[in-house]
Amino acid sequence: MKYIETQTLPSLGHAEVRIIAHTPEAARAVAEALRACFVGAEQRSYPGLDGDTRLHLTVDTATPADPARSTLATGLAPRGAGAHCDEL
């Protein structure tokens with residue numbers, strides 16, 4: 001039997017972000033970079049199954065953080081922002 005996880009979608013204009021890293025510091029660094037671009041709620045962290053760190057946060061994609069407004073408003077993708085080789 002295959003387990004399918006069901007989740008409630010975040011409210012319109014928001015995105016739920018899940019970060020998995022080997023250390024809490026690495027997960028926090030990624031969350032901080034996201035908060036530099038988008039207004040975000042407080043992060044929640046959990047221990048992972050293999051000793052890793054799982055960090056969850058919700059960002060408001062409709063309200064960019066002040067320093068990122070001009071970059072996001074141009075609609076230009078950041079360098080290296082293409083799909084990964086395993087993504088369609």
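**View 1. Elements of the predicted chain.** Helices (H or I, at least four residues) and strands (E, at least two) are DSSP runs, numbered from the N terminus. By that count, this predicted model has two helices and four strands. Their order from the N terminus is β-α-β-β-β-α. Of the contacts with a separation of 6 or more, 59% link residues 24 or more positions apart.

**View 2. The pairing of β3 and β4.** Strand β3 covers residues 44–47 and strand β4 covers residues 53–64. The two run antiparallel, joined by four bridges. Proline 47 sits opposite threonine 53 of β4. Five residues lie between the strands of this hairpin. Glycine 51 there adopts a positive phi near 85°.

**View 3. The largest nonpolar core.** Eight residues form this core: Val17, Ile19, Ala21, Ala27, Ala31, Leu55, Leu57 and Val59. Two or more of them come from each of β1 (14–21), α1 (24–37) and β4. In soluble globular proteins, nonpolar side chains tend to be buried together.

**View 4. Alanine 27 and its contacts.** Alanine 27 belongs to the largest nonpolar core. Leaving aside residues up to four places away in sequence, alanine 27 touches Ile19, Ala21, Thr53 and Leu55. Among these, Ile19, Ala21 and Leu55 are also members of that core.

**View 5. The surface of the chain.** The chain has 88 residues, and 19% of them are buried.

Key
Residues numbered from 1 in each chain as written. Predicted model: local features only at pLDDT ≥ 70, side-chain atom pairs only at ≥ 80, totals over all residues. Heavy atoms only, no water. Pairing = 2+ DSSP bridges. Core = buried A, V, L, I, M, F, W, Y, C linked by side-chain atoms within 4.5 Å. Buried < 20%, exposed > 50% of the residue type's maximum accessible area, 1.4 Å probe, protein only. Contact = heavy atoms within 4.5 Å.
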